[in-house]
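Subject: Structure handover

Hello,

Please find the structure below, followed by notes on what was found in it.

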Amino acid sequence: MVKVENLKKTYPGKVPTPALRGVSFEIKEGEFVAIMGRSGSGKSTLLHQLGLIDTPTEGRILIGDADVGGLNDSEKTKFRLEKLGYIFQEYALITELTARENVWVPALAYGKDPKHCWEHAAKLLDLVGLGERLDHYPNEISGGEQQRVAVARSLVNSPKVLFADEPTANLDSASAKTVLELFRKLNKELKQTIVMVTHEPDDRQYVDRIIWLSDGLIEKIEKVERIKHK
Ligand SMILES: Nc1ncnc2c1ncn2[C@@H]1O[C@H](COP(=O)(O)OP(=O)(O)OP(=O)(O)O)[C@@H](O)[C@H]1O
Ligand SMILES: [Mg+2]
């Protein structure tokens with residue numbers, strides 16, 4: 001599903017920063033993979049290259065059948081919108097819109113039937129356990145609930161891959177657990193491929209494999225024992 005070959009990213013500047021120094025790995029369809037490593041090891045940088053948010057300095061990224069390095073800017077934008085989903089530490093919901101509208105809007109972006117999208121938004125909010133909160137505004141729900149709205153929003157175009165960068169960093173431990181269990185459910189029941197950056201050692205119990213980064217390189221790739229999954 002995702003294949004990376006010799007990926008490098010050096011941030012330009014007075015003193016160029018080599019954040020990724022040659023990274024190769026493969027993620028299979030339906031896998032839930034964590035990217036871990038200490039602060040500054042290149043986790044977010046890697047996620048940004050995979051998610052087509054940034055352009056690598058060198059190397060190759062394949063998502064599905066597409067060699068995404070060959071896409072121009074407008075093709076990239078289309079690819080992101082149609083094929084990828086994102087969840088960040090900040091929920092980035094639009095405060096003037098209800099939960100349902102927040103999920104609805106990205107579905108409209110490339111011309112689907114608005115009524116269908118409206119129904120789909122409600123179904124997704126139900127899936128994340130917020131069927132009773134459709135008309136609430138972001139400031140009327142908890143942080144954990146806001147992040148679940150963001151999860152529903154990320155799923156609206158049935159992404160091939162869901163990318164999450166420290167999705168639970170702003171949450172209390174109970175809300176964090178709810179979000180991670182939701183990820184696990186999406187992974188198990190919808191076979192959703194997920195790539196998640198995390199700092200939390202405890203998150204290992206939810207994932208299939210961990211890509212450990214150290215100083216812009218892969219330190220090791222660890223397979224997590226299935227037995228640990230509930
Ligand atoms: N936009 C940028 N310009 C220049 N250097 C950057 C930029 N973004 C990140 N870096 C540098 O690249 C390296 C990797 O950063 P990155 O954000 O990928 O780390 P990280 O593993 O996500 O860290 P954290 O756990 O703190 O979020 C760091 O040395 C960082 O200072
Ligand atoms: Mg980071």
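Helix α5 (residues 143-154) and helix α6 (residues 173-189) pack at an angle of about 20°, and their axes are 9 Å apart. Axes here are lines fitted to C-alpha atoms, for helices over the stretch in contact, and angles run from 0 to 180 degrees between N-to-C directions. The two helices are therefore roughly parallel to each other; angles under 35 degrees count as roughly parallel, over 145 as roughly antiparallel, 65 to 115 as roughly perpendicular and the rest as oblique. α5 passes α6 in a right-handed crossing. A crossing is right-handed if the near helix is turned clockwise from the far one by less than a right angle, and left-handed if anticlockwise.

On the α5 side, Gly143, Gly144, Gln147, Arg148 and Val151 meet Ser175, Thr178, Val179 and Leu182 of α6. Being in contact means that the C-beta atoms of two residues, placed from the backbone, lie within 7 Å. By class, this contact has 3 nonpolar, 5 polar and 1 charged residues. Ala, Val, Leu, Ile, Met, Phe, Trp, Tyr, Cys and Pro count as nonpolar, Asp, Glu, Lys and Arg as charged, and the others, Gly among them, as polar.

A note on the source: this is a predicted model, in which local features need pLDDT of at least 70 and side-chain atom pairs count only at pLDDT 80 or more, while totals for chains, interfaces and linings use all residues. Residues are numbered from 1 along each chain as its sequence is written, and chains are lettered from A and ligands numbered from 1 in the order in which they are written.

Helix α3 (residues 99-108) also packs against α5: their axes come within 8 Å and cross at roughly 25°. That angle makes α3 roughly parallel to α5. In this contact Ala99, Asn102, Val103 and Pro106 of α3 meet Val149, Ala152 and Arg153 of α5, which gives 5 nonpolar, 1 polar and 1 charged residues.

How do the axes of α3 and α4 (residues 114-127) cross, and at what angle? They come within 8 Å and cross at roughly 130°, which makes α3 oblique to α4. The crossing is right-handed. The α3 residues in this contact include Val103 and Trp104, and those of α4 include Trp118 and Leu125. The contact divides into 12 nonpolar, 1 polar and 1 charged residues.

Next, the ligand. The residues around ligand 1 are Tyr11, Gly13, Thr17, Ala19, Gly37, Ser39, Gly40, Ser41, Gly42, Lys43, Ser44 and Thr45; a residue is near a molecule if its C-beta atom, placed from the backbone, lies within 6 Å of it. The largest share, 3 residues, comes from α1. By class, the shell has 2 nonpolar, 9 polar and 1 charged residues.

Regards

How values were computed. Helix = DSSP H or I, 4+ residues; strand = E, 2+ residues; numbered from the N terminus.
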